[in-house]
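I opened a new page for this protein.

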Amino acid sequence: MAVFNVTEAMDLVGRTVLVELAFPDDPETSWGCVRIVGVVFAQDGHYDAPHFMVFNAFSPRPYPDELFWSDINSVLPLN
């Protein structure tokens with residue numbers, strides 16, 4: 001699981017990154033290429049799961065998806 005502080009997370013906004021994902025039900029990690037367009041931080045009593053708002057670099061959609069930090073193994077910025 002990746003852990004980001006406020007500065008690290010905000011520095012990734014607007015960047016295209018390769019992200020290595022690990023899910024509890026899958027023994028293999030997977031990679032994706034996304035553009036990070038926002039950050040949602042945990043807030044005690046309201047929201048426990050910090051995540052990035054992202055667009056898939058290869059299949060654009062009109063609205064961003066959530067990419068939870070608990071699913072991230074590593075992030076490699078491309079630009």
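These are my entries, in the order I looked things up.

**Entry 1: the model.** I noted at the start that this is a predicted model.

**Entry 2: the elements.** I looked up the secondary structure and found one helix and five strands. I then read the order from the N terminus, which is α-β-β-β-β-β. The radius of gyration is 12 Å, close to the 12 Å that the globule rule gives for 79 residues, so the protein is as compact as a globular protein of that length.

**Entry 3: box and surface.** I took the box along the principal axes; the C-alpha atoms fill roughly 35 × 30 × 25 Å. The accessible surface comes to about 5,300 Å². Carbon and sulfur atoms hold 56% of that surface.

Entry 4: How much of the protein is buried? I found that buried residues are 29% of the 79. I also checked contacts with a separation of 6 or more, and 45% of these join residues 24 or more positions apart.

**Entry 5: the core.** I looked up the largest nonpolar core, which has 15 residues. Those with the most contacts inside this core include Phe4, Val34, Ile36 and Phe52. Leu67, Trp69 and Ile72 are also on that list. Which elements give two or more residues to the core? I wrote down α1 (6-12), β1 (16-21), β2 (30-40) and β3 (51-56).

Entry 6: I picked Leu67 and left out residues up to four places away in sequence.

Definitions and conventions
Residues numbered from 1 in each chain as written. Predicted model: local features only at pLDDT ≥ 70, side-chain atom pairs only at ≥ 80, totals over all residues. Heavy atoms only, no water. Helix = DSSP H or I, 4+ residues; strand = E, 2+ residues; numbered from the N terminus. Rg over C-alpha atoms; globule rule 2.2 N^0.38 Å. Buried < 20%, exposed > 50% of the residue type's maximum accessible area, 1.4 Å probe, protein only. Contact = heavy atoms within 4.5 Å. Areas by Shrake-Rupley, 256 points an atom, 1.4 Å probe, with all protein chains shown as cover. Core = buried A, V, L, I, M, F, W, Y, C linked by side-chain atoms within 4.5 Å.
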